[in-house]
Amino acid sequence: MHAEIKEFLLFLKDENDLDYGDFKRVVDLRLNRLIQELRPLNREQRFRLSKLREELLWMYNDDVDEMKAHLAEEIARLDPNGDSRASDAPFQL
């Protein structure tokens, strides 16, 4: 698995903000950093990351655990090394 993706998934696993506003601000910063580190991105990766940021910032459910699981699954699929199985992500709820 790509090192930056693995680092993001570990960060996500350890992130313990219970307030969704705090959670989304911290995760958005890390997501932006991940986007910078994974460049160059192909069209599908750009689309998925853009959609993830939109869901993170504008989702009205405000469920931190649900969003963590969703982000972990989707970020694991972005692996440019071809290993896109979400089950390999070191994240469990």
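Helices (H or I, at least four residues) and strands (E, at least two) are DSSP runs, numbered from the N terminus. This is a predicted model, in which local features need pLDDT of at least 70, side-chain atom pairs count only at pLDDT 80 or more, and totals for chains, interfaces and linings use all residues. Residues are numbered from 1 along each chain as its sequence is written, and side-chain values use heavy atoms, with hydrogens and water left out.

**Helix 1**
- Ile-5, Phe-8, Leu-9, Phe-11 and Leu-12 are the buried residues of helix 1 (buried means under 20% relative accessible area, exposed over 50%, partly exposed in between; 1.4 Å probe, protein chains only).
- They lie on the same side of helix 1, because they cover an arc of only 160° around the axis, taken from the directions from the helix axis to the C-beta atoms.
- The face turned away from that buried side carries the exposed residues Ala-3 and Asp-14.

**Packing**
- Helix 2 (20–37) and helix 4 (64–76) are among what covers the buried residues of helix 1.
- Ile-75 is in contact (heavy atoms within 4.5 Å) with Ile-5, Phe-8, Leu-9, Leu-31, Leu-34, Leu-49 and Leu-52, leaving aside its neighbours within four places in sequence.

**Salt bridges**
- The count comes to eight salt bridges (a side-chain nitrogen of Lys or Arg within 4 Å of a carboxyl oxygen of Asp or Glu).
- Arg-48 pairs with Glu-44, with the closest N and O atoms 3.0 Å apart; the two are separated by about one helical turn because they are four residues apart in helix 3.
- Arg-77 forms a salt bridge with Glu-73 at 2.7 Å, N to O, and another with Glu-74 at 3.4 Å.
- Glu-74 is buried, at 15% relative accessible area.
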